[in-house]
There are 2 protein chains.
Amino acid sequence: MKTVFSLEQIRKISSELRKNGRTIGFIPTMGALHAGHLKLVKESKNKNDVTVVSIFVNPAQFSPTEDLVKYPRPFEQDKQLLEQEKIDYLFYPNAKTMYPNGFQTYVTPNNLSNILEGKSRPGHFSGVATVVLKLSNLVNPIHAYFGQKDFQQSVVVKQMVYDLNLPININVVPTVRDKDGLALSSRNIFLNPQERSQALSLYQSLLLAKKLILSGNKSVQLIKKEMKNYLQKNKLIQLDYIEICNPENLSPLKVTPKKAVILIAAFVGKTRLIDNIII
Amino acid sequence: MKTVFSLEQIRKISSELRKNGRTIGFIPTMGALHAGHLKLVKESKNKNDVTVVSIFVNPAQFSPTEDLVKYPRPFEQDKQLLEQEKIDYLFYPNAKTMYPNGFQTYVTPNNLSNILEGKSRPGHFSGVATVVLKLSNLVNPIHAYFGQKDFQQSVVVKQMVYDLNLPININVVPTVRDKDGLALSSRNIFLNPQERSQALSLYQSLLLAKKLILSGNKSVQLIKKEMKNYLQKNKLIQLDYIEICNPENLSPLKVTPKKAVILIAAFVGKTRLIDNIII
């Protein structure tokens, strides 16, 4: 594994690889890698000649009130994990080269950026779309990999790829969970034992909703009410939203059809977590 | 010359060309071609293995009150001109394939889109940047060519290329003028003889400013005043703005330094024209 810091160098490498007909698989990450990221890496390695992982805590997707500074950055540990996975290149740019003075061009998915996570986190998806486009232009992959845990992010990226005619295939890989069901997230390290225990209720409430739907309940209002009731027992949980949506475009549903995604976001103590399941 | 209508086909063609190591030069246009466009074509042909011209009247860069519907579309004439120039591919997509239902991802140069043309035409440069990015992703050029006449557009595109790490070189080609000095524009056909005659005062006012600066006047306020006085004699001219700016980032100047761009926009009758000179 080679670690690449400069934009010029990664561009040169990817350009040479593509010229030689090699396929590149790309996993953009913010580091603090866990088994969810490593599953994306494995998918890429199975399908492409060369796998590139980027680690970049993207300031453009954090609002001033969010946890940019305290976001975990265990770089040496991440590097070791990626070496064990035998990826080809780790791209590790810094914020000043990614967003130099005068930087001003942002990519915005107008509708998707204002709902759900976008509503709670103004500017977030503009930051996500912008950095994914920048990184993709540098890495020049055929395939890029995203986790289902950040479901709306994957919809935003797919929409961007379609709208901007990018020659990239977006692969969304199912969420990896701890044995007790907690969706893996780099932010889980912020949870104390009591919070971690109550955080399980997010996934449990999603499973409850799934059970209700599979047993014939179609009213989104009723399902959301049952989920809220369930969550209320956990005093450290402050619900942000529950929504049941069309998984293609995230438009909210009133009646559950055959295919839907149930999304939840909540603060657990001071840590904001998200989760979802597709039914 | 081959005319290509579908996005899939142009992508396939450009992908094959690049795979075979051929360099592509690209000239995105809105058609209604004149000698200014053809100069861009000639530059591209001199420098690249293959030249692609697109003709697409981009709805995203017109506001609802602007002249999208009446914008000239002499397609057969344009096609003949390009055949005479022996370009390789004419890419001629339609609005529905470029902006399908649900399209929502726009590229915006935040600062540049709010000044000068952007101030007078809200959303214009977001439309320009978005379509240039889309077309570039499809055509995959090494070089793209833009006319200096649309000076701010060229600054926006260069900024986008830099900010989004696009692997494209932007070439800005000097404005082509009629013998009497009028900058060639597809919108000149809207001018009646009297308007056309008064439209000359735009370039003349720019030359006046240049003369003032070269003879030692440094006060932008004074130069603008002299230009306005000159223009006022022409009753069909309704000035929108005169600005003297840093040509790299279009920040307005108060004192003219060694390098500056003087930009003017005005309605001549009902037709809005722009022009500029670099000193």
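Reader: How is chain A divided by the domain assignment?

Author: The domain assignment of chain A in this predicted model gives domain 1, residues 2–173, and domain 2, residues 186–278. The C-alpha centres of domain 1 and domain 2 of chain A lie 26 Å apart.

Reader: How many residues of domain 1 of chain A and of domain 2 of chain A take part in the contact?

Author: The contact takes 13 residues from domain 1 of chain A and 12 residues from domain 2 of chain A. Two residues are counted as in contact if their C-beta atoms lie within 7 Å. On the side of domain 1 of chain A that touches domain 2 of chain A, α5 (117–120) and α7 (151–163) of chain A are the elements that give two or more residues. The largest share, three residues, comes from α7(A). By class, this side of domain 1 of chain A has eight nonpolar, three polar and two charged residues.

Reader: What makes the span of α2 of chain A close to the expected one?

Author: Helix α2 of chain A, residues 35–47, has 13 residues. The expected span is 1.5 Å times one less than the number of residues. For α2(A) that expectation is 18 Å, and the helix reaches 19 Å from its first C-alpha to its last, so the two values are close.

Reader: Which residues of α2(A) are called buried, and why are they said to line one face of the helix?

Author: A:G36, A:H37, A:L40, A:V41 and A:S44 are the buried residues in α2(A). The term applies because a residue counts as buried if 20 or more other C-beta atoms lie within 10 Å of its own. Seen down the axis of α2(A), the buried residues fall within an arc of 150°, and therefore they line one face. The face turned away from the buried side of α2(A) carries A:A35 and A:N46, which are exposed. The buried residues of α2(A) pack against β2 (24–29), β3 (50–55), β6 (143–147) and β7 (169–173) of chain A.

Reader: What makes β5(A) and β5(B) a pair of strands?

Author: Two strands pair if DSSP finds at least two bridges between them. Strand β5 of chain A, residues 105–109, and β5(B) have five bridges in the antiparallel sense, so they qualify as a pair. A:T108, for instance, has B:Y106 in β5(B) as its bridge partner.

Technical notes. Residues numbered from 1 in each chain as written. Chains lettered and ligands numbered in written order. Predicted model: local features only at pLDDT ≥ 70, side-chain atom pairs only at ≥ 80, totals over all residues. Domains from an automatic or database assignment. Helix = DSSP H or I, 4+ residues; strand = E, 2+ residues; numbered from the N terminus. Nonpolar A, V, L, I, M, F, W, Y, C, P; charged D, E, K, R; others polar. Buried ≥ 20, exposed ≤ 12 C-beta atoms within 10 Å, placed from the backbone. Arc of directions from axis to C-beta.
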